[in-house]
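Please read the following report alongside the sequence and the three-dimensional view.

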Amino acid sequence: MFLLLLAHILQSPLLAVQSCPALCACTYGNVGAAELRLVQCSDPGISAVPVNVPADTVKLRLEKTFISKVPRAAFYNLSELRFLWLTYNSITSIHPSSFVNLKALRELRLDGNLLSSFPWEGLRDMPRLQTLGLHNNRLSSLPAHAAVFLPNITYLDLSSNRLTLLPGELLELWFPLRGQQEGTEQRRILGLHDNPWLCDCQISMVMSLSMSMGSPIVLMDQLLICRRSLEQTGILMTEADLSLCMRPSVQPAATRVISPLGSNVILRCDATGYPTPTLIWIKTTAYTDCCRQEIPEDSDQLPRNLESFMQESPRVGVRWSIITLNGLSYKDAGEYRCQARNMAGISEAPIKLKVVGISTLSRLPKKKKKKKKKSRKISTNSSLNNKKTNLNTVQTNAPSVKENQILQNITAPSINKTRMAPTLSPKVYKYIKRRKMNLPDAKTSTSVKSPNEPPKNSTTVLLSKTVV
């Protein structure tokens, strides 16, 4: 009994792999030496996606059924699936995660359904997808972010829908400008016919570029019809007036900018054109006239695209962009180019930035020098005042010239003891002695009067008394 149960458990996965869903046909097809399982479900009684499709299925066709929704992870067990056809059903909605784990899928066809929108972000779950068929649905618009998920799609059929406008991002994907494409350029097949296109620059550029020699785009049907408004009848694209297409024009806020070291700078440019141009910033050269020693030789390779910038389009045909450079260094000096591009052409404008070696920090030593000068002035003034006070003290102690002459006349008799000594009184003798002690050298004598000098009249009277 236990052996029978074990055998049943082991055989259940095999049965799941080899079993075929009800109302479906499962066959094998030979591709080279390998046998591939094919499952086709075309019965009108099917109203939901079968859940018991064999895991080794390579091609699954659900056609002409009443399936209206594709749920989340509807094909999760089919990791080997390469072709998925969900054509001519009644599908109105697809969950964004419906195609999870379909890493080997190459072809997805949803023609002949009732889709008014498509989950473009769901394409990231199918990295190898190359063919996408959305013919004969009810799509009325293409979002700009669809271009992000379509780089690997080489066959895209959008014919027989209700599309009126093509976003510029799709045109940039399909017609890359020179220097923008990565690797080898691959050709794409587009189906855009049988849509009520408006006669604008985007659709006309697709028409004209697809007919040029070596175009990366091949149209399934080149007879595109557009209308000037939704109320008017359509006309052939070749007869439409294409004067709306305008090559972009770039106007920078300033062509030369000089800023000190360490400051912040904002560079701005405005662009006009139709379709509305996109802007990018490129640093082309770095000139180092003033400070070549400040920039290392192994600096970044130029030219290079700058990433940290912002741009905005206030209205159709106009776009502005700014780039902020904080804490300028000598590496930031050089030439910057604001480049605008659209399907009508490309243009750019240069902006030269010069960084000078003047910063706010270099002003601080100047203030200190001024303070030093003031201190020097104060010290010199104090020294001069000290000198003046010293001179005053010298001058107050020094006798005048006339007084020196009188003292010399008096001292001479004092030396000759025989003539003058007996006639000098004690008071006069003390006075002469005191003056001799304060008598300076001839070199330090000045003509400035001393405040302690006695009046001339008193000295003459005194001397006259001593002589007598």
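Predicted model: local features only at pLDDT ≥ 70, side-chain atom pairs only at ≥ 80, totals over all residues.

Residues are numbered from 1 along each chain as its sequence is written, and side-chain values use heavy atoms, with hydrogens and water left out.

## Sheets and strand pairs

Helices (H or I, at least four residues) and strands (E, at least two) are taken as DSSP runs and numbered from the N terminus, and two strands are said to pair if DSSP finds at least two bridges between them. Strands of a sheet pair through backbone hydrogen bonds, either parallel or antiparallel.

An open sheet with mixed pairing is formed by 5 strands, in the order β16-β23-β22-β18-β19. Its edge strands, each pairing on one side only, are β16 (256-260) and β19 (304-306). On average, neighbouring strands of this sheet are turned by 30° against each other, direction ignored; the axes behind such angles are lines fitted to C-alpha atoms (for helices over the stretch in contact), and angles run from 0 to 180 degrees between N-to-C directions. Within this order, β22 (residues 334-342) and β23 (residues 345-356) pair in the antiparallel sense over 9 bridges, and R341 has I346 in β23 as its bridge partner.

Another open sheet has 4 strands in the order β15-β17-β21-β20, with antiparallel pairing. Here the edges are β15 (246-252) and β20 (309-315), each of which pairs on one side only, and the twist from one strand to the next averages 20°. Strand β15 is joined to β17 (residues 265-274) by 5 bridges, the two running antiparallel, and the bridge partner of V250 in β17 is A271.

Parallel pairing is found between β9 (residues 155-157) and β10 (residues 188-191), which share 3 bridges, with D157 partnered by G191 in β10. Strand β10 also pairs with β12 in the parallel sense, over 3 bridges, and L190 stands opposite L219 in β12.

## Nonpolar cores

A nonpolar core is a set of buried Ala, Val, Leu, Ile, Met, Phe, Trp, Tyr and Cys residues joined through side-chain atoms within 4.5 Å; buried means under 20% relative accessible area, exposed means over 50%, and partly exposed lies in between (1.4 Å probe, protein chains only). The largest such core has 60 residues, of which F75, L84, W120, L132, L150, L166 and L192 touch the most other members. At least two residues of this core come from each of β2 (34-41), β3 (57-62), α2 (168-174), α3 (201-210) and β12 (217-219), and α3 gives the most, with 5 residues.

With contact taken as heavy atoms within 4.5 Å, and residues up to four places away in sequence not counted, L132 touches L108, F118, W120, L123, L150, I153, Y155, L156 and D157. A second, separate core of 21 residues includes A271, L279, Y330 and Y336.

## Salt bridges

The structure holds 7 salt bridges, each defined by a side-chain nitrogen of Lys or Arg within 4 Å of a carboxyl oxygen of Asp or Glu. Three of them are listed here.

| Residue pair | N to O distance |
|---|---|
| R109 and D111 | 3.9 Å |
| R268 and D270 | 3.1 Å |
| E335 and R337 | 3.4 Å |

Salt bridges that share partners join E107, R109 and D111 into one network, and D111 is itself buried, with a relative accessible area of 10%. In the remaining listed pair, D270 is partly exposed at 27% relative accessible area, and R268 also counts as partly exposed, at 34%.

## A buried loop residue

E63 lies in the loop between β3 and β4 (69-70), and E63 counts as buried because its relative accessibility is 10%. Leaving aside neighbours within four places in sequence, E63 is in contact with Q40, C41, S42, W85, T87, Y88 and N89.
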